[in-house]
Number of protein chains: 2
Amino acid sequence: MTNSNAPDAPDAVDPAVVAELGRLRDSIDNIDAAVVHMLAERFKCTQQVGHLKAEHALPPADPAREARQISRLRELAENAKLDPAFAEKLLNFIISEVIRHHEQIAAGNSSPSSSSPSGV
Amino acid sequence: MTNSNAPDAPDAVDPAVVAELGRLRDSIDNIDAAVVHMLAERFKCTQQVGHLKAEHALPPADPAREARQISRLRELAENAKLDPAFAEKLLNFIISEVIRHHEQIAAGNSSPSSSSPSGV
């Protein structure tokens with residue numbers, strides 16, 4: 001079997017299990033590609049937000065907006081049967097990256113160009 | 001302005017800036033909803049992987065598979081102009097959650113049902 005998503009010791013495992021694992025991993029890989037592309041779009045938006053905030057001297061963080069985002073995402077997660085605590089941790093993880101970028105922009109370390117891989 | 005995505009002190013800010021910030025935040029909220037739903041699907045897949053692994057006594061973690069995922073996602077991120085280091089950190093964050101679930105399943109603390117919010 002040449003499927004790179006098969007487990008690494010397939011001879012010890014039922015071929016039907018190997019095939020099923022490969023099928024699930026293909027789906028996981030498709031979803032990960034979609035998430036990466038959605039997050040690339042998200043960072044394009046937050047990059048614009050960062051520039052707007054820097055130009056108009058608005059603070060990089062906005063606790064009231066973040067509280068609304070967290071409460072909305074927890075509800076969406078619950079409806080989608082995703083652990084709301086995980087969704088909240090994930091959003092905090094993304095927001096902390098965004099704030100780091102906003103601070104860089106505000107510090108004039110500005111405009112990581114869209115051609116730079118670090119330009120999230 | 002009643003837009004809940006407007007910044008919290010709009011009277012100090014040019015209304016055009018407030019409107020632009022609201023527009024960008026609406027896009028961010030749409031993307032976040034899409035990501036939450038993609039991740040709910042992803043956890044449905046990894047949940048099935050966890051059960052397969054537990055039934056066939058496969059180890060919860062698979063370092064070779066994870067190394068392939070990380071290298072592929074870094075490349076996808078780079079092409080999408082997303083920071084590859086961020087993509088890698090994000091995948092590690094998600095994988096550590098998945099492994100926690102696989103260990104719970106393997107420990108027989110099994111089958112968080114799909115109706116349970118913690119059943120990721």
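This is a predicted model: local features need pLDDT of at least 70, side-chain atom pairs count only at pLDDT 80 or more; totals for chains, interfaces and linings use all residues.
The buried residues of helix H2 of chain A are covered by elements that include H1 and helix H3 (84-106) of chain A together with H1 of chain B. Chain B superposes on chain A by a rotation of 180° with 0.0 Å of shift along its axis, and the structure holds 16 salt bridges over all chains.

**Helix H2 of chain A**

- H2(A) consists of 17 residues and reaches 24 Å from its first C-alpha to its last, close to the 24 Å expected at 1.5 Å a residue.
- The buried residues of this helix are A:Arg65, A:Gln69, A:Ile70, A:Leu73, A:Leu76 and A:Ala77.
- Because these buried residues fall within an arc of 135° when seen down the axis of H2(A), they line one face of the helix.
- A:Pro63, A:Glu75 and A:Asn79 are exposed on the other side of H2(A).
- Just after H2(A), A:Lys81 takes a positive phi of about 60°.

**Relation between the two chains**

- The superposition of chain B on chain A, by a rotation of 180°, gives an RMSD of 0.0 Å.
- The two copies are therefore related as by a two-fold rotation axis.
- Within chain B, the C-alpha nearest the axis belongs to B:Val35, at 3.0 Å from it.
- Both copies use the same surface, since 100% of the contact residues of chain B recur in chain A.

**Salt bridges between the chains**

- B:Asp62 and A:Arg25 form a salt bridge in which the closest N and O atoms are 2.9 Å apart.
- This pair crosses between chains, from the loop between helix H1 (15-55) and helix H2 (63-79) of chain B, where B:Asp62 lies, to helix H1 (residues 15-55) of chain A, which holds A:Arg25.
- B:Asp62 counts as buried because its relative accessibility is 11%, under the 20% cut-off.
- A:Arg25 likewise counts as buried, at 3% relative accessibility.
- A salt bridge also links B:Asp29 with A:Arg65, the closest N and O atoms being 3.1 Å apart.
- B:Asp29 lies in helix H1 of chain B and A:Arg65 in helix H2 (residues 63-79) of chain A, so this pair joins two chains.
- Both B:Asp29 and A:Arg65 are buried.

- B:Arg100 forms a salt bridge with B:Glu97, with 3.1 Å between the closest N and O atoms.
- These residues, B:Arg100 and B:Glu97, are separated by about one helical turn because they are 3 residues apart in helix H3 (residues 84-106) of chain B.
- An α-helix has 3.6 residues a turn, so residues three or four places apart point the same way.
- B:Arg100 is partly exposed, with a relative accessible area of 39%, whereas B:Glu97 counts as buried at 4% relative accessibility.
- Salt bridges with shared partners join A:Lys89, B:Glu97 and B:Arg100 into one network.

**Buried residues of chain B**

- B:Phe86 is located in helix H3 of chain B and is buried, with a relative accessible area of 0%.
- Not counting residues up to four places away in sequence, B:Phe86 touches A:Leu39, A:Phe43, A:Phe93, A:Ile94 and A:Glu97.
- B:Phe86 and B:Glu20 are 66 residues apart along the chain, and their C-alpha atoms are separated by 27 Å.
- B:Arg25 lies in helix H1 of chain B and is buried, with a relative accessible area of 3%.
- The side chain of B:Arg25 makes a polar contact with the side chain of A:Asp62, at 2.9 Å.

**Positive phi angles in the loops of chain B**

- B:Ala57, found in the loop between H1 and H2 of chain B, has a positive phi of about 55° although it is not a glycine.
- With a relative accessible area of 70%, B:Ala57 is exposed.
- B:Lys81 also is not a glycine, yet has a positive phi of about 60°.
- The loop between H2 and H3 of chain B is the place of B:Lys81, which counts as partly exposed at 42% relative accessibility.

Key:
Residues are numbered from 1 along each chain as its sequence is written. Chains are lettered from A and ligands numbered from 1 in the order in which they are written. Side-chain values use heavy atoms; hydrogens and water are left out. A salt bridge is a side-chain nitrogen of Lys or Arg within 4 Å of a carboxyl oxygen of Asp or Glu. Helices (H or I, at least four residues) and strands (E, at least two) are DSSP runs, numbered from the N terminus. Buried means under 20% relative accessible area, exposed over 50%, partly exposed in between (1.4 Å probe, protein chains only). The expected span of a helix is 1.5 Å times one less than its number of residues. The arc is that of the directions from the helix axis to the C-beta atoms. Contact means heavy atoms within 4.5 Å. Copies are superposed by least squares on the C-alpha atoms of residues with pLDDT of at least 70 in both. A polar contact is a pair of N or O atoms within 3.5 Å; within protein, one must be able to donate a hydrogen and the other to accept it, and residues adjacent in sequence count only if both atoms are side-chain atoms.
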